[in-house]
Amino acid sequence: MNPPCARCKKTVYPVEKLNCLDKVWHKKCFSCETCGLKLTMKTYKGYNKLPYCNTHYPTTRFTAVADTPENKRLAQQTKNQSELTYRKDHVDDLGKFTPVADNVGARQATQAAKLASGIGYQTEPPPPSQAYQPPPPAAMPSHQPPPHHAPPS
């Protein structure tokens, strides 16, 4: 009895029989698993007992370890540089800071408000012991002007 085709499951007769990858195929059914390109015994590549063309042959590729500290740092940096994240953080931070107006105009306005309130005039002056006392005059040496020289006659 004739075996069934590995692709279409129909009976394979000896005229159209192709033995490959431990299976029996029709010549027209022996094609790439991915793209369906018709293959021959010279053009196929087998992987897990299935035929593939050269382009779609699965290969094992080396992959980078995803959780290295450098990759984590780069991912975080990329996320931080995102415009969306930057704008969201900026809007959130706006509510956390109080603007400080420390310029000449603000200081002058504060000083004017203090003077206008009259608090300085209504308070009692400090007791004499705490009031400003100028230092006593120092004994000055008597200074006499240099003798006047008369021009020679």
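This is a predicted model: local features need pLDDT of at least 70, side-chain atom pairs count only at pLDDT 80 or more; totals for chains, interfaces and linings use all residues.
Trainee: What share of the 153 residues is buried?

Mentor: Buried residues make up 11% of the 153 residues in the protein chain. As for contacts with a separation of 6 or more, 15% of them are between residues 24 or more positions apart.

Trainee: OK, on to the strands. Which residues of β1 are on the covered face, and which on the uncovered one?

Mentor: Strand β1, residues 17-20, has Leu 18 and Cys 20 on its covered face, while Lys 17 and Asn 19 are on the uncovered one.

Trainee: And how do β1 and β2 run, parallel or antiparallel?

Mentor: They run antiparallel, with four bridges joining β1 to strand β2, which spans residues 23-26. One of the residues to look at here is Cys 20, whose bridge partner in β2 is Lys 23.

Trainee: Where does Asn 48 sit, and what is its phi?

Mentor: Asn 48 is in the loop between β3 and β4, and its phi is positive, near 50 degrees. With a relative accessible area of 63%, Asn 48 is exposed.

Trainee: Changing topic: how many aromatic pairs does a search of the whole structure find?

Mentor: The search finds four aromatic pairs. In one of them, the rings of Tyr 47 and Tyr 52 have their centres 6.5 Å apart and their planes at 70 degrees, so that pair is edge-to-face. Tyr 47 is partly exposed, with a relative accessible area of 30%, whereas Tyr 52 is buried at 11%.

Trainee: How do Tyr 47 and Tyr 57 pair up?

Mentor: Tyr 47 and Tyr 57 form an edge-to-face pair, with 5.9 Å from centre to centre and 85 degrees between the planes. Tyr 47 lies in strand β3 and Tyr 57 in the loop between β4 and α1, so the pair ties together parts that are ten residues apart in sequence. Tyr 57 is partly exposed, at 28% relative accessibility, and the charged end of Lys 45 sits over the ring of Tyr 57, 5.2 Å from its centre.

Trainee: Which residues do ring pairs link into a cluster?

Mentor: The cluster is made of Trp 25, Phe 30 and Tyr 44. Leaving aside neighbours within four places in sequence, Phe 30 is in contact with both Trp 25 and Tyr 44, and its other contacts include Leu 18, Cys 20, Leu 39 and Pro 51.

Trainee: Which residues make up the largest nonpolar core?

Mentor: Nine residues make up that core, namely Leu 18, Cys 20, Leu 21, Trp 25, Phe 30, Cys 32, Leu 39, Tyr 52 and Cys 53. Among them are Leu 18 and Cys 20, the two residues on the covered face of β1.

Trainee: What about Ser 31, is it buried or exposed?

Mentor: Ser 31 is buried, with a relative accessible area of 9%, and its place is in the loop between β2 and β3. Not counting residues up to four places away in sequence, Ser 31 touches Arg 7, Gly 36, Leu 37, Lys 38, Leu 39 and Pro 51.

Trainee: Last topic, the cysteines. How many disulfides does a search of the whole structure find?

Mentor: The search finds zero disulfides.

How values were computed:
Residues are numbered from 1 along each chain as its sequence is written. Side-chain values use heavy atoms; hydrogens and water are left out. Buried means under 20% relative accessible area, exposed over 50%, partly exposed in between (1.4 Å probe, protein chains only). Two strands pair if DSSP finds at least two bridges between them. Rings of Phe, Tyr and Trp (its six-membered ring) pair if their centres lie within 6.5 Å; planes under 30 degrees apart count as stacked, over 60 as edge-to-face and the rest as tilted. A charge sits over a ring if NZ of Lys or CZ of Arg is within 6 Å of the ring centre and within 35 degrees of the ring normal. Contact means heavy atoms within 4.5 Å. A disulfide is a pair of cysteine sulfur atoms within 2.5 Å. A nonpolar core is a set of buried Ala, Val, Leu, Ile, Met, Phe, Trp, Tyr and Cys residues joined through side-chain atoms within 4.5 Å.
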